[in-house]
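Visitor: I would like to go through this structure step by step. Please start with any term I need.

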Amino acid sequence: MSSRGQKPGFGILDEALADTVRRTGASAGGIYLLDEAAEVLGLVVICGIPADMVRPWRRVALGASVPVSDAVSEGRLVWVGSQDHMARAYPRAAASLPYRFALAATPLQGRTRCWGALMLLWPASHPAGATARERGTIAAAGRRIARLLDQVPVPSTAPEHPRIVPVGAVARPPGVQSPQAAVDYIERLPERALGLDLQGRITFLAAATESLLGVDAGRLLGTRPWQSLPWLDNIHIEDHYRTAVISRDPVTFTALRPPDTWLTFQLYPDASGISVRITPATAPEHGRPPPARPSRSIGAAASSAPQAGRLYQLVHLAAALTETVAVRDVVELIADQVLPAFGADGLVVSTNDAGRLKITGHHGYDQQTIDALDGLPLDTDLTPAGQVLADGMPSFFASPHDMGRRYPGAPRISGKQAWAFLPLVVSGQPVGCCILSYDRPHDFGADERAVLTSLAGMIAQALDRARLYDATRDLAGSLQQALLPRSLPALPGLESAARYLPASRGMDIGGDFYDLIRIDATTAAAVIGDVQGHNVSAAALMGQVRTAIHAAAGAPPDQVLARTNQVLADLETDLLVSCLYVHIDLARQVAVLASAGHPPPLLHHAARAPRVMELDPGPLLGIDPGLSYPLTSQPLPSGTTLALYTDGLVEVPGIDADETAHSLARRLAEHNGHSLDRLIDVLLHHARPNAHYTDDIAMLLLRTCSPPM
């Protein structure tokens, strides 16, 4: 069992996962825990799958398009029944896992929070669909693990390496001979065979196999074949092993043992490992082995990352970079996945800002070092970053001595021991410099330099897109703030609080809006609405709708909506708008409401049960200028709380919106003694415990009270 960097608390999940894999008949599984602050899912324990194969998936952004993220964000079981299904629904995952298998991911929903997700894999032989009973079993397993986490919470930050636990020994009926008897049986036969564990290490070697492979058993046991046998050091060979582990399908391939001995390898996988049968083979017609990578010594192989693992990791990184949105996303992806892939410890991403090096992201450096490097001129002799950014040529330094010969002051700044300075070039123009650093000296081979340089090109494209997105988002954010009220007016006898939250993904701008308009000393209008779309056009139309409502405020609510509807007709917009307008008369303690297809508000008074108000809604604004909007009157005695909201609060995937609204009304009553700002926090957390919003949310809470004498 792997225990590097582990925190003791994660051990409680070991048996829970192994038991779940056995109960569900899965071949492998893993448990992700949610770091709510970072909005990241971290893999903490795996079972039945090699650690190298999950390296790209150790940390997954909550907003990423992968099954475990969707399971947590949408609060539902996600089933992917085949490779074709994976390619359609999750192309990024399919690109880096080109194997046949079925997968399920289900949220670990506890009493008060979602702890993360359970992921299970089945071999290729599993039917593409999951039965209702199977889905129920998987969901129940997720609930059992969530209850365990409710009782014994564990750290939310995942360790650097996930724990690896075995599925468990295969049960043998009484009377079956011992494992030693099976070994003796094999040794007496001329059969050439070996055994691998699920990590690819040789655990057993029949005596007759040594002569066929040409290596003593002592040099092979505990190693991976493609590492300890130079003639198997071929990316295709390791991929055959990966296919067997993931799909659980038997795999057969042929390889040449120099100078002229052809061997057939037959792999038979199950939950405990892989049995490999080796037999002499006839040379293929072309007479040549498949293309192989350069041979390595056994010692060098033992310390190197598997080449197939590196290839699939690069495919994964390329796909992942296409999904990054903001500069922060690019930096986090490099830190979480590129650094581990190349054994690096530190990261700095710099761009050219008016002739100076502007650090846009970093990892593995203290703030004092970053402050010393940020803002240096491009022609500085303190670091190669400026030169690399200027001429677009990468630079590699294997040790402080190498660095010190050209840049004497650089090694003393950070204490790092090796560096790769990679230019980020787009359309022939350098846009930045990505620096990977190491805590120990590091030799950069020709292959590694080539891979890093290629990867830098993909990072550059992602960074260029991200910078454009950030600039657009900042502009949109400024527009959003200008269109929403900066503060709510104070009225004697009325408390108010409001909140706007953009969707967790996409541009931080939308068409949701709210307003509180003071009409006179005892009268106000409360407004909330939602324009279709999440873009600048939606926000601009929202501003026009607010202006129209302000112009009509004070008139009866049905007339306010009718006039606003006419404005939309005059604008000839294709966008529709939902809106709820509430005329509040504090002197008479009554509210008159009119709705244009908007969700009804929540209502509570200490003397009455909480409820969702029953309104007779009119049509959405923008459909037909001649339509009318029914009125609803509601008494507002002192102590009444009214909660207005947009549909992003109650429309949770897999849950009926009416059910969510009634649940929020009950929560409104339970916490009615809190301030309105705190009450908004309570309602948001209840509706969206993961703080992941698939749609914009606007909320406006009002509470009547006795005015000061």
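Guide: A cavity is a set of grid points where a 1.4 Å probe fits but cannot get out. Its volume is the space filled by probe spheres set on those points. The model itself is predicted.

Visitor: What volume does the largest cavity have?
Guide: With a cut-off of 30 Å³ or more, the count comes to eight cavities. The space in the largest cavity is about 230 Å³.

Visitor: Which elements give two or more residues to the lining of the largest cavity?
Guide: The lining has 17 residues, and Y32, W57, L97, L103 and M119 lie nearest the centre of this cavity. Two elements meet the condition of giving two or more residues: α2 (67-74) and β6 (114-122).

Visitor: How many residues in the lining of the largest cavity are nonpolar?
Guide: The lining has 17 residues. By class, no polar and no charged residues are found there, and the nonpolar count is 17.

Visitor: Which element gives the largest share of the lining of the second largest cavity?
Guide: This cavity has a volume of about 190 Å³. Its lining has 17 residues, with Y365, L373, T383, F421 and I435 nearest the centre. Elements that give two or more of the lining residues are β13 (346-353), β14 (356-363), α17 (410-414) and β16 (418-426). The largest share is three residues, and it comes from α17.

Visitor: Which strands stand at the edges of the open sheet of five strands?
Guide: The order of the sheet is β19-β20-β21-β22-β25, with antiparallel pairing. An edge strand has a single partner, so one side of it is left without a neighbour in the sheet; the strands placed this way are β19 (512-520) and β25 (631-635).

Visitor: Which residue in β25 is the bridge partner of V590?
Guide: Strand β22 (residues 590-596) pairs with β25 in the antiparallel sense over five bridges. For V590, the bridge partner in β25 is P635.

Visitor: At what angle does helix α20 run to β22?
Guide: Helix α20 (residues 557-571) lies across β21 (577-585), β22 and β25. Its angle to β22 is about 30 degrees.

Visitor: Over which residues does pLDDT stay under 50?
Guide: The mean pLDDT of the protein chain is 83, and 87% of its residues reach 70 or more. Where pLDDT is low, the predicted coordinates should not be read in detail. Values stay under 50 over residues 1-8, and also over residues 289-307.

How values were computed: Residues are numbered from 1 along each chain as its sequence is written. This is a predicted model: local features need pLDDT of at least 70, side-chain atom pairs count only at pLDDT 80 or more; totals for chains, interfaces and linings use all residues. Side-chain values use heavy atoms; hydrogens and water are left out. pLDDT is the predictor's confidence in each residue, from 0 to 100. Contact means heavy atoms within 4.5 Å. On a 1 Å grid over the protein atoms alone, a cavity is a set of points where a 1.4 Å probe fits but cannot get out, and a pocket is an open set with protein on both sides within 12 Å along at least five of seven lines; lining residues have an atom within 4 Å of a point. Helices (H or I, at least four residues) and strands (E, at least two) are DSSP runs, numbered from the N terminus. Ala, Val, Leu, Ile, Met, Phe, Trp, Tyr, Cys and Pro count as nonpolar, Asp, Glu, Lys and Arg as charged, and the others, Gly among them, as polar. Two strands pair if DSSP finds at least two bridges between them. Axes are lines fitted to C-alpha atoms, for helices over the stretch in contact, and angles run from 0 to 180 degrees between N-to-C directions.
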